[in-house]
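Dear colleague,

I am passing on to you the structure shown below, together with some notes to read beside it. Please keep it open while you go through them.

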Amino acid sequence: MDESVYKELKKGGFMRQIQNNKFSLRIRIVGGQLQSEQTRKVSEIADRYGHGYIHMTSRQGIEIPFIDFNDVDAVKKELAEVGLQPGACGPRVRTVTACQGSAICGSGLIETSGLAKELDAKYFGRDLPHKFKIGITGCRNNCLKAEENDLGIKGGLFPEWHGENCTYCGVCAAACPEKAIRVGRGPDSLAFDEAKCVYCGKCVKSCPADAWSGKSGYITTFGGTFGNDMAFGKPMLPLITEKKKLFRVVDAAITFFAEHGKPGERFRRTIERVGEDKLKEKLEEANR
Amino acid sequence: MSRPKYDAFVDITDVVCPITFVKTKVALEELGKGQSLQIRLNDGEPIQNIPRSLKNEKHKVVEVVQNDDGTYLIGVVKGGLE
């Protein structure tokens, strides 16, 4: 097969298999969610065009292996009937992954599924110097492993204490993983060391008296990669409490990569080569 | 400091989530509204979640004591938030 045809197919989510003219079709799935009619269609396609099974990818996706080159168009058409399309491979923005977040999970501090859809609508498939992964996780439990991604987003909560409701029971101090809270007995005996706070929200969640509330926001990390090179994404900004600012920050990071990245270079390498301070400057500007 | 008297006691340090809360609930079911229960629980996940779950079910946490062995004693009043 002509290499240019292969590249075009790869761009459109068809991964060439070792078997001649067979492709593993990656489906565009956002935040790990599919409608039931879509899963039925995927199942049908796997039966009719593949080998009757699907493969769950490491990033919440589904691939249907053994699609023949001659069936590519027919399969795309069938997927479109239920609003599905092939995913992305190659040097571009990939599937936006997400945990179920605060809509479902008791630990969740931010809404994640809708955020994944919004980011996907804006950036999915955008050509960049290398692959670019975005992952969203609802809280510091980090089920979705935000720091593995080129851009990680994690729910956080900036806590506020309301003395008038406090019973000084000490649950928050016990729940705080950073020992940022000290509680004695009796009125005005609570001390909160803001500098130690990691925005996990455990004080707010554990408080039996509604003496803690919080403003939720986004903890962002940049330059994570977990393939040949392995490195955690780095936090470069304080908790972002406005969604519109988050969008500006995401835009600044992707623009930085598009402008400074060399072909075949992951975001992490670009940041190292061009300078972390340069990126930080752009991100801070976007977060103003 | 005088510790309030409790009507019942349950130790949940020998079980893990979600049995921790199940055991707590069973102990509370034995009590009438307004009666109190003392619970011995482990550090970490139990102390982060049990008080929250109790609040969600309208019981009032009135005391938390940290023991020297890393466990906690919490006092709760059945239906104290209703």
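**Chain B: strands and hairpin**

In chain B, strand 3 and strand 4 (residues 71-77) run antiparallel and are joined by six bridges. Please bear in mind, for this and for everything that follows, that the model is a predicted one. Within this pairing, B:Glu63 stands opposite B:Gly75, which belongs to strand 4 of chain B. The hairpin that strand 3 and strand 4 of chain B form has four residues between the strands, and in it B:Gly70 takes a positive phi near 85°.

**Chain B as a whole**

Taken as a whole, chain B has two helices and four strands, and these follow the pattern β-α-β-α-β-β when the chain is read along its sequence. With a radius of gyration of 12 Å, close to the 12 Å that the globule rule gives for 82 residues, chain B is as compact as a globular protein of that length. Its C-alpha atoms fill a box of roughly 30 × 30 × 20 Å, taken along the principal axes. Of the 82 residues of chain B, 34% count as buried. If we consider the contacts in chain B between residues at least 6 apart in sequence, 56% of them join residues at least 24 apart.

**Helix 1 of chain B**

Which residues of helix 1 (residues 19-29) of chain B are buried? They are B:Thr20, B:Thr24 and B:Leu28, and because they cover an arc of only 65° around the axis, they lie on the same side of helix 1 of chain B. On the other side of this helix, B:Ile19, B:Val22, B:Val26 and B:Glu29 are exposed. The cover over the buried residues of helix 1 of chain B includes strand 1 (8-11), strand 2 (36-42) and helix 2 of chain B.

**Where the two chains touch**

The contact between the chains takes 11 residues from chain A and 14 residues from chain B. On the side of chain B that touches chain A, the elements that give two or more residues are helix 2 (45-56) and strand 3 (60-66) of chain B.

**Chain A: domains and sheet**

Chain A is divided into domain 1 (3-81), domain 2 (93-156 + 217-286) and domain 3 (158-212). The centres of domain 2 and domain 3 of chain A, taken over C-alpha atoms, are separated by 30 Å, while eight residues of domain 2 of chain A are in contact with five residues of domain 3 of chain A. On the side of domain 2 of chain A that touches domain 3 of chain A, the residues divide into four nonpolar, three polar and one charged.

Chain A also holds an open sheet of five strands, in the order 5-6-7-10-13 and with mixed pairing. Its edge strands are strand 5 (93-98) and strand 13 (234-235) of chain A, each of which pairs on one side only. Strand 7 (residues 151-161) and strand 10 (residues 212-222) of chain A pair in the antiparallel sense over 11 bridges, and A:Gly152 stands opposite A:Thr221 in strand 10 of chain A.

Technical notes
Residues are numbered from 1 along each chain as its sequence is written. Chains are lettered from A and ligands numbered from 1 in the order in which they are written. This is a predicted model: local features need pLDDT of at least 70, side-chain atom pairs count only at pLDDT 80 or more; totals for chains, interfaces and linings use all residues. Two residues are in contact if their C-beta atoms, placed from the backbone, lie within 7 Å. A residue is buried if 20 or more other C-beta atoms lie within 10 Å of its own, exposed if 12 or fewer, and partly exposed in between; C-beta atoms are placed from the backbone. The arc is that of the directions from the helix axis to the C-beta atoms. Domain bounds come from an automatic or database domain assignment. Ala, Val, Leu, Ile, Met, Phe, Trp, Tyr, Cys and Pro count as nonpolar, Asp, Glu, Lys and Arg as charged, and the others, Gly among them, as polar. The radius of gyration is taken over C-alpha atoms; the globule rule is 2.2 Å times the number of residues to the power 0.38. Two strands pair if DSSP finds at least two bridges between them.
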